[in-house]
Amino acid sequence: MRYVIIGAGAVGGAVGGRLAGAGHEVVLVARGAHHAALRDGGLRLRVPDGEFTYRLPVVDGPAGLGALRADDVLVLAVKTQDTEGALHAWGPAPVEGGGTAAERLPLLCAQNGVEGQRLALRRFRHVYGVCVWLPATFVEPGTVSAPGSPLTGILHLGVYPHGTDETARRIAADLEKARFEAPVVPDLARWQYAKLLSNLANAVEAVSGSVESEALLALVDRVRAEGMAVLDAAGIAYASVGEQRALRGDKITLLPLADAPRGGSSWQSLTRGTGTIEADYLNGEIALLGRLHGVPTPLNDLLQRLANTFARERREAGSMPPAELVRRADEAVAAVAA
């Protein structure tokens, strides 16, 4: 199979680079300065076992490939806010032998949150979800850092909305030869909602910096507790913290990479000054479910609003003092209780 990585940023670049290093055919899809850097200098992947440069085919859309191959796997690794544009571009792409990508090819949604795969299923017949546990950073065009060792990441796979099949198992086998663990599970949503709960902290880091102080750690606990209350009210199952820890064990240890910045996906969006952020599909997912099921979500509402403001106004990542964020959080909760 050939892997077409739509969005060769942190997750897409790490997956594409590792697959290429394991001998698989890979095409990278990128835009702007990142596309130019990949085209001119290759993908520079910085990992604990060294720094590797992969000179791979690079395109900025399906037209650059002509007709897609019948054995292509499309890996959708753009942020959720960019999903519609990617689906619009790639869905109608012709496939050798007839038909379109949306009709014939598997689409693997390697994204945070749970909305991207739902959007994909409106257009694509064969959609696969991924629960992405892959620490990786992309802030410099052409360069991706992934500090996980001995595994680069753990990628649960499953048919969306549920189930497993032979295609998922074949993809998993390729990933497991490329420094990933890739369990194929029939209940993928349980793992994705557990990951969503952990991703609720992304906005805290983006707005106020590394979550290390006692005040920010306590705030993150409150934000996640709010998320769990919403999922419980909605009757949505999620893997427990203990279950997640038992699965990961010591399979992924983050090792320091010289001169490599580290921060979550939302922090990276602000650092790159993209003008957008994925908070609507992380904290905003909890806000949506809270409204549907009558559960107040003042903390996630606040974080969604602040993250979007920071992105829209291109504010510096981590520039709000933690004490200010905690004060606003306390005020938001008090306003709901009043």
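Student: Where is R179 placed in this predicted model?

Tutor: R179 is in the loop between α6 and β13 (180-181). The model is a predicted one.

Student: Why is R179 called partly exposed?

Tutor: The relative accessibility of R179 is 37%. Buried requires under 20% and exposed requires over 50%, so R179, at 37%, counts as partly exposed.

Student: What is said about phi of R179?

Tutor: Phi of R179 is near 75°, which is a positive value in a residue other than glycine. R314 also has a positive phi, near 55°, and is not glycine. R314 is in the loop between α13 (298-312) and α14 (322-337).

Student: Why is R314 called exposed?

Tutor: R314 has a relative accessible area of 54%.

Student: How do you know whether H24 is buried or exposed?

Tutor: H24 has 19% relative accessibility. Buried means under 20%, therefore H24 counts as buried. H24 is in the loop between α1 and β2. Leaving out residues up to four places away in sequence, H24 touches Y3, L19 and D174.

Student: Which helix holds E285, and why is E285 called buried?

Tutor: E285 is part of helix α12 (residues 283-293). Its relative accessible area is 8%, and the limit for buried is under 20%, so E285 is buried.

Student: Which residues is E285 in contact with, leaving aside neighbours within four places in sequence?

Tutor: They are V114, E115, Y193, L196 and D280. As for Q304, its C-alpha atom and that of E285 are separated by 9.6 Å, and the two residues are 19 apart along the chain.

Student: How many aromatic pairs does a search of the whole structure find?

Tutor: The search finds one. The pair is formed by F52 and Y54.

Student: What makes F52 and Y54 a pair, and why is the pair called stacked?

Tutor: The ring centres of F52 and Y54 are 6.3 Å apart, and a pair needs centres within 6.5 Å. The angle between the planes is 25°, and planes under 30 degrees apart count as stacked. The pair is therefore stacked.

Student: What makes the charged end of R190 sit over the ring of W191?

Tutor: The charged end of R190 is 5.8 Å from the centre of the W191 ring. The distance limit is within 6 Å, and the charge must also be within 35 degrees of the ring normal. R190 is listed as sitting over W191, so both conditions hold. The charged end of R248 likewise sits over the ring of W133, at 4.2 Å from its centre.

Student: Which residues touch the most other members of the largest nonpolar core?

Tutor: Of the 40 residues in this core, those are L28, L134, L155, L157 and L175. Among the elements that each supply at least two residues are β1 (2-6), β6 (72-76) and α6 (166-176). The largest share, five residues, comes from α1. Another core, of 36 residues, lies apart from it and includes V114, L200, L270 and A311.

Student: Which residues does L134 touch, not counting those up to four places away in sequence?

Tutor: L134 touches V11, A14, V15, T152, G153, L155 and F180.

Student: How do you know that both faces of β6 are covered?

Tutor: D72, L74 and L76 on one side, and V73 and V75 on the other, are all buried. Five of the five residues of β6 are buried.

Student: What makes β1 and β6 paired strands?

Tutor: At least two bridges are needed. β1 and β6 have five, in the parallel sense, so they pair. V4 stands opposite L74 in β6. β6 is also joined to β7 (residues 107-109) by three bridges, and these strands run parallel. V75 stands opposite L108 in β7.

Student: Which residues does the peptide bond with omega of about 0° join?

Tutor: That cis bond joins S149 and P150. P150 is in strand β11 (residues 148-150). The peptide bond from Y160 to P161 is cis too, with omega near 10°, and P161 lies in the loop between β12 and α6.

Note on methods
Residues numbered from 1 in each chain as written. Predicted model: local features only at pLDDT ≥ 70, side-chain atom pairs only at ≥ 80, totals over all residues. Heavy atoms only, no water. Phe/Tyr/Trp six-rings, centres within 6.5 Å; stacked < 30°, edge-to-face > 60°. Core = buried A, V, L, I, M, F, W, Y, C linked by side-chain atoms within 4.5 Å. Buried < 20%, exposed > 50% of the residue type's maximum accessible area, 1.4 Å probe, protein only. Helix = DSSP H or I, 4+ residues; strand = E, 2+ residues; numbered from the N terminus. Contact = heavy atoms within 4.5 Å.
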